[in-house]
Amino acid sequence: MKLNVIGRQMNVFEETKQQIAKKIAKLDKFFPVEGEATVTLSRKHGASRVEITINAAGTLYRSEQDADDFREAIDRCVTIIERQIRKNKTRLARRLRETIPEDDFFAPEDEDQELVIRTKEFVFKPMSVEEAILQMNLLGHSFFVFRDDSDEKGRVCVVYARRDGDYGLIVPQDE
């Protein structure tokens with residue numbers, strides 16, 4: 001797996017990079033195609049934060065953890081990503097259109113659960129980003145889908161509340 005290690009406002013030692021590579025290599029068994037992992041390390045208020053994002057065959061896996069040291073945070077992140085893969089193995093197998101490793105890698109726990117999807121329909125009213133944020137907050141949701149009135153193409157966008165208290169905007173990119 002291709003690995004990219006980033007240190008936010010800090011230098012990452014070669015020994016740490018090797019430890020990260022060893023931990024991430026454990027996930028290679030789940031991916032029949034070459035994947036790309038981005039690991040971001042940072043320190044905030046005395047806590048070590050690790051963010052791992054893996055892109056394999058167009059599917060993204062992400063985990064972010066805080067801990068007393070980077071080793072513990074990396075272990076937690078890898079465990080969470082493994083759990084994501086195990087939980088979604090059937091859907092992932094269909095999506096990758098290749099075989100995922102045999103069941104000895106996966107726990108059979110969630111196979112009998114049905115996926116329940118709630119469908120909700122509504123009209124997209126053209127509005128500004130600020131108005132969409134206001135609507136999201138009034139509804140008490142963590143995201144809001146709207147049609148951007150400042151965009152000449154009238155694209156459907158998403159605003160969302162970030163953990164740090166700020167807001168994010170997702171805008172579709174033309175291919």
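Trainee: I found Ile6 in strand S1, residues 2-7. What makes a stretch a strand?

Mentor: Strands are DSSP runs of E with at least two residues, helices are runs of H or I with at least four, and both are numbered from the N terminus. By that rule, the protein chain has four helices and eight strands, in the order β-α-β-β-β-α-α-β-α-β-β-β. A word on the source: this is a predicted model, where local features need pLDDT of at least 70 and side-chain atom pairs count only at pLDDT 80 or more, while totals for chains, interfaces and linings use all residues. Residues are numbered from 1 along each chain as its sequence is written, and side-chain values use heavy atoms, leaving out hydrogens and water.

Trainee: Why is Ile6 called partly exposed?

Mentor: Buried means under 20% relative accessible area, exposed means over 50%, and partly exposed lies in between, with a 1.4 Å probe and protein chains only. Ile6 has 27% relative accessibility, so it counts as partly exposed.

Trainee: Which residues does Ile6 contact, leaving aside neighbours within four places in sequence?

Mentor: Contact means heavy atoms within 4.5 Å. On that basis, Ile6 is in contact with Val12, Thr38, Val39, Thr40 and Leu41. The C-alpha atoms of Ile6 and Val50 are 9.9 Å apart, though 44 residues separate the two along the chain.

Trainee: How do you know that S1 and S2 pair?

Mentor: Two strands pair if DSSP finds at least two bridges between them. S1 and S2 have six bridges and run parallel, so they meet that rule. Asn4 stands opposite Thr38 in S2.

Trainee: What makes S3 a partner of both S2 and S4?

Mentor: Strand S2 (residues 35-44) pairs with S3 in the antiparallel sense over 10 bridges, and nine bridges join S3 to antiparallel strand S4 (residues 59-67). Thr38 has Thr53 as its bridge partner in S3, Val39 stands opposite Ile52, and Ser48 stands opposite Ala67 in S4. S2 and S3 form a hairpin with two residues between them, and His45 in the turn has a positive phi of about 55°.

Trainee: What makes the pairing of Asp148 and Ser150 a polar contact?

Mentor: The term covers N or O atoms within 3.5 Å; within protein, one must be able to donate a hydrogen and the other to accept it, and sequence-adjacent residues count only if both atoms are side-chain atoms. The side chains of Asp148 and Ser150 make such a contact at 2.8 Å. Asp148 is in strand S6, residues 143-148.
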